[in-house]
Every structure is written in structure tokens, then in C-alpha cells.
Amino acid sequence: MKSTLKQCKGLSTVLKGALGSVEVSVPEQLDVEVGRPVKIPCTHTITGSKSNVMVEWFIVNKNGDRQRIAYKDATSSMVDPDTGYGKRVTMDNDFTLSISRVEVMDERAFLCQVIAGAAGSQEGKTELKVYDAPEQPEVTSNRATLSVTEQHPSEIGTCTSRNGYPEPSIVWFKDGVLLPIVTNHNENMYMIPRVVKEASGLYTVTNNLYFKLSKADKDSQYHCQVHYRMMDEKQRTLDSEKFKISLHYHTETVTFNLASSAIIKEGDDVRLQCSADGFPQPEYIFYKLEDTEERELETSRDGILVLKGVTKEQGGRYQCEALDFDAPSEVELKKDLSIVVNYLDPLLVTPKGPLTVQLGDDVEVSCSTEGSASPKIMWRKGKDHLSHSGTLNLKKVSYKSSGTYMCEASVPSIRGLVKTQQLKVFVEGKPSMEGDVSEVKVDKEGEKVTLICSASGHPSPTITWNVEQWPLLTSSENGVISKLSVAVTSRIVQHGITCNATNKYGWAQRSFQLAIVPPTTEPPVTSGANREPQGGGGGAVIAVVVCVLLLLLVVASLYCLHKKGKLPCGKTEKKEGVKLGFEEPCIGGKVDKDGDKDTEG
């Protein structure tokens with residue numbers, strides 16, 4: 001709250017013998033925001049007689065009339081009714097007028113009058129200034145599609161700011177640049193401002209902007225700004241949100257471009273993009289230009305033509321046309337575009353497959369093609385590259401020569417431009433078996449073994465065994481594999497096992513010799529580098545050491561007994577104990593002439 005003090009001095013009517021004077025001091029002006037409280041002080045000085053002092057507060061209407069709203073004297077105090085202030089004002093003991101909540105209607109003059117009986121009376125006036133900040137401005141843009149062909153300025157938008165005091169004002173900006181305030185109608189730009197005073201006394205201001213549009217305005221941004229003042233008398237501003245308008249303008253330029261890869265090969269999806277710089281976007285018609293005619297392809301709203309899985313026949317000239325009927329006749333609405341489709345013709349393999357040849361023969365196959373560029377041709381089988389030309393030479397074919405060969409043609413400069421052609425080769429001849437005679441050993445009779453016979457040949461050979469078991473058959477590209485699981489018997493060991501492979505060209509045989517070889521008791525000898533500690537190795541060593549020690553003890557005992565003469569065996573003749581292969585026993589007892597040991601009790 002801002003105030004300016006002003007001293008208001010006055011003297012009572014001068015009578016004979018001057019009885020006194022009254023001097024009043026009040027703020028010249030007070031500033032306050034709507035809804036806030038305010039206090040208007042009133043101080044006075046009386047000289048002379050001070051009896052019967054009374055202070056009154058008045059409001060002054062616009063026509064100059066005054067109306068009392070409160071008073072106070074030495075014995076009483078009262079707020080006058082029916083003044084609009086009955087519930088909002090009070091008088092303090094120091095005669096200050098307090099307003100609890102300021103309203104717009106309070107912007108007026110307030111008079112403080114002091115009456116001091118014989119000393120006379122005097123009054124002071126305070127101007128109360130009221131302020132209220134307006135709300136954030138809101139803009140309502142023109143939702144319609146505006147046209148550059150309009151002869152007069154088009155309405156751009158409406159800006160509104162509510163509940164401000166004193167009356168605020170509105171200005172407009174285009175692309176951040178302040179537009180001059182023009183209120184008179186003309187052919188370029190003007191504004192229409194409006195002010196509404198609400199029942200509350202606050203102001204709502206509105207401003208409509210009109211502008212003559214051109215194509216350069218298609219991306220322009222607009223916003224408005226409200227200007228207002230508060231108690232510090234400085235101008236303050238509030239900005240609205242920025243907005244764009246939808247502008248209809250005719251086409252001036254049409255472009256027709258390739259929207260996918262610039263290098264096109266057969267099988268690619270090709271996107272052609274036609275666009276016009278008008279708004280809204282027109283429809284487009286696409287044509288394929290033949291030698292003597294143009295063939296309509298399709299109509300598109302997005303200006304995109306997609307050629308799925310393009311072929312070499314689809315190469316050539318295309319045309320798009322923008323259907324903008326507002327464009328002047330001098331605008332070129334048609335554009336042409338040529339595309340080149342790189343291709344390879346299907347591969348020609350001679351002789352054609354499948355190819356059947358005899359075992360040991362030589363084979364020569366050629367592969368050729370043509371395309372938009374000279375191709376590179378190669379032959380491969382699986383991952384093995386066999387030839388880097390269009391000719392495949394196979395010398396003295398074997399069964400391993402059977403299988404699928406691939407001729408591949410490519411254009412190295414065009415990634416992904418590849419054509420392939422398969423050739424199946426079958427090598428015919430009598431069966432061929434891996435291995436001749438094999439020896440198989442088992443530990444014991446009845447142990448099962450699995451024997452495998454692998455035979456190559458074409459037609460695929462049939463494998464049979466000379467034992468009555470059901471083998472497991474597996475076919476491969478070049479032959480047949482037969483697995484036989486059988487328990488080894490003495491008869492099988494005696495006669496062996498054979499497998500036979502046959503086809504219409506002949507047969508082949510393989511033999512298996514089986515033997516039963518029990519395992520030896522001696523532990524296997526291993527090299528020091530690979531030897532690992534065994535669980536029973538340490539125990540065996542200890543047992544051997546103990547046996548050696550016991551033997552030495554027995555020898556020592558016999559030697560001692562012999563030295564003492566207690567061994568008669570050296571003096572006797574050999575008895576029948578010779579039949580057992582050793583001399584007569586003499587340890588622990590006497591030996592009789594019959595060789596029987598008499599064990600001491």
C-alpha cells in the first residue's frame with residue numbers, strides 16, 4: 001500500500017478574541033489491491049478550547065456529494081447504515097478508518113472532518129486508488145482453413161483477458177514481432193478492441209486481429225499480450241499461448257522423386273514420392289509412360305506410388321500429376337521420373353539336371369545368363385567353390401561326386417543381385433564299401449559288439465548280413481549305413497560275420513573276424529607322465545615290504561639255531577620229504593626218521 005501525506009490546515013471563523021484553531025493531517029493518496037485491507041489515518045491538532053471534539057468520515061460521490069459513513073466523539077462511536085460500508089469499515093481509537101476488504105467501488109475520495117466546538121472544524125481528503133491484475137489472456141484461433149485468395153483481411157483470432165482494474169489493453173505479435181495498433185478498417189491489417197465492465201466493477205477486454213494473408217504466412221505464429229498497471233505504476237504484461245493458423249494456398253511447385261534406394265534390382269519394393277507445395281495437399285494421379293501412350297496406374301492422396309517386387313519390365317518413365325484446381329494455369333502440375341531396374345535372366349544349365357553319370361566318367365556342365373550388367377558366374381558344392389567360370393568339369397567321378405551343385409551368377413557392383421540354379425548329379429555303379437577285413441576282440445563270450453557297414457553306390461545298394469539279426473539302416477546322400485548289434489558266441493568266432501552290399505551293377509563284401517581274449521591280470525603299464533595314484537597301490541607296496549622283513553627274520557632265526565647246534569637237520573640224511581620237493585623241516589620241533597613233524601605242545 002502506497003500513501004502520500006498531505007497536511008490540511010484550517011481555522012474556525014475568526015471571532016472577536018480568537019477562541020482557537022483545528023489542524024487535520026491525512027494521506028493525499030493510498031494505493032491498494034482489490035480484496036486487501038486498508039487503513040486511512042486521520043491525525044489532528046487543536047489549539048484553544050478542546051471541548052466537544054467529534055471526528056467524522058465521509059465518502060465523496062462522482063458528482064461531488066458527500067455521505068457520512070462513520071463518526072466518533074468522546075462518548076460514542078457509530079458506523080452509518082445503508083452506505084455500502086456498514087460491514088466493512090471500523091474507526092479505531094486514533095480515528096483511523098479501517099476497510100477490511102477493498103472493492104472496486106472504493107476507488108474514490110474519503111474525507112476526515114474534525115469538529116472541535118468553539119475551536120472550529122477542519123477536514124482532510126484522501127484519494128484511494130484500487131488495482132487488480134487481469135487474468136492470463138486466452139486466444140481463440142480461427143479453426144477454419146483460411147485462403148490466400150481472399151480479397152480482404154481474414155480473422156486470425158480473438159484475445160480475451162478478464163477481471164482487470166484499471167482497464168487493461170491488448171496488443172498482438174506475429175512471429176515475435178509487435179504489430180502496430182491499427183483500429184481503422186483497411187485492406188492489410190487491423191484490430192477490433194472491446195471493453196466490458198463487469199458487475200464487480202472489473203474490466204474484461206477483447207481484441208480481434210484481422211490480417212491479409214499470403215503463402216509466406218503458412219508457418220507464422222501469433223500470440224497476444226495484455227498490458228496493465230499495478231500500485232508501482234509500472235507497466236506489466238501477460239502473454240497468451242502461441243498458435244498457428246491453417247492456411248490454404250495453391251501449388252507453385254511439384255516434385256517427383258525416388259523415395260527408396262537409388263540402385264534398383266529385380267524383387268525390390270520401389271517407392272516413388274510426388275509432392276506439391278500447396279496446402280491442403282492435392283490428390284495425385286500416377287501414369288506409366290509407354291512408347292505411344294500413358295497408362296494410368298492409380299490415384300493417391302499421400303503422393304506415394306509403391307511398386308512391389310519390381311521386375312525389369314517395370315523400368316522406364318513414370319509421371320505424376322497434382323490435382324490442384326486453384327493453381328494458376330502457368331504452374332506446371334505434371335512431373336516425369338525414369339527408373340532403371342537391374343536384373344539377371346534365369347540361369348541356363350546345360351545339360352539339364354538331374355544328371356546321372358557312370359562311376360569313373362568325366363562330366364562337363366555349362367551355366368550361362370544375361371543381365372543389365374555382365375554377371376560373374378561360379379560353381380560350388382556346399383561351401384566348396386569348384387569353378388569361377390560358367391563351366392563345371394568333374395574328372396573320373398566317384399560316389400563322393402554325387403550330390404547337389406549350385407551355379408551362382410551375381411553382379412558385384414549391385415549388392416543382392418544374385419541368381420542361382422541347382423543341379424543334382426547321381427553317380428551310378430556297383431557298390432563300394434569302406435574297409436575289407438576287420439578284427440574285433442572281446443573279453444568274454446556273450447559280450448555285445450556293434451558292427452558298421454557303409455556302402456556307396458547308385459542305385460542305392462541293399463546291405464545284408466550273414467547272421468539273423470535286425471540291423472539299423474541309415475541312408476545318406478551317397479549310400480547306405482547299416483549297424484548290427486550282436487552277442488559274440490563261439491560259433492560267430494569260428495565263422496566270422498560278413499555284410500554284403502548289392503545293386504543292379506554288382507556287389508561288394510566286408511568281413512569281420514571276432515576273437516575272445518580274456519584280460520590279463522597284470523596291471524597295465526602307464527608312462528610316468530600319465531600315471532595317476534591308484535587306491536590299492538600304496539597297500540601293495542607295504543605288504544611286499546612286510547613280507548621281505550618277515551623273510552629276513554626267519555633266515556636270521558635259522559642261522560642262530562644252526563650256530564647253537566640245535567638244528568639236527570644238517571646231520572641227518574634226507575628222508576621221504578624229498579618227495580615234496582624240499583628238505584626235512586626242523587623249525588619248532590624234532591623230525592623222526594619217518595619225516596613226521598612232532599609239534600611241541
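This is a predicted model: local features need pLDDT of at least 70, side-chain atom pairs count only at pLDDT 80 or more; totals for chains, interfaces and linings use all residues.
Local features were taken at pLDDT of at least 70 and side-chain atom pairs only at pLDDT 80 or more, whereas totals for chains, interfaces and linings use all residues. Residues are numbered from 1 along each chain as its sequence is written, and side-chain values use heavy atoms, with hydrogens and water left out.

Helices (H or I, at least four residues) and strands (E, at least two) are DSSP runs, numbered from the N terminus. Strand E14 spans residues 154-164, and eight of its eleven residues are buried (buried means under 20% relative accessible area, exposed over 50%, partly exposed in between, with a 1.4 Å probe and protein chains only). Two strands count as paired if DSSP finds at least two bridges between them. E14 runs antiparallel to strand E12 (residues 138-141), to which four bridges join it; within this pair, threonine 140 stands opposite threonine 158. E14 is also antiparallel to strand E18 (residues 203-211), with eight bridges between them. In that pairing, glutamate 155 is placed opposite tyrosine 210.

Most residues other than glycine have a negative phi, and most peptide bonds are trans. Asparagine 163, located in strand E14, has a positive phi of about 60 degrees although it is not a glycine. Its relative accessibility of 24% makes asparagine 163 partly exposed. A positive phi is also found at aspartate 82, where the value is near 55 degrees. Aspartate 82 belongs to the loop between strand E7 (77-79) and strand E8 (89-91), and with a relative accessible area of 77% this residue is exposed.

Phenylalanine 279 and proline 280 are joined by a cis bond with omega of about -5 degrees; proline 280 is in the loop between strand E24 (270-276) and strand E25 (283-289). The bond from histidine 458 to proline 459 is likewise cis, with omega near 0 degrees. Proline 459 lies in the loop that connects strand E40 (448-458) and strand E41 (462-465).

On the surface, Ile542, Val546, Leu550 and Leu553 form a nonpolar patch with about 390 Å² of accessible area together. Accessible areas come from the Shrake-Rupley method with a 1.4 Å probe, and for residues only the protein chains shown count as cover.

Methods. Patches are made of residues with over 30% relative accessible area and no salt bridge: like charges are joined within 9 Å, nonpolar side chains (Val, Leu, Ile, Met, Phe, Trp, Tyr) within 5 Å. A salt bridge is a side-chain nitrogen of Lys or Arg within 4 Å of a carboxyl oxygen of Asp or Glu.
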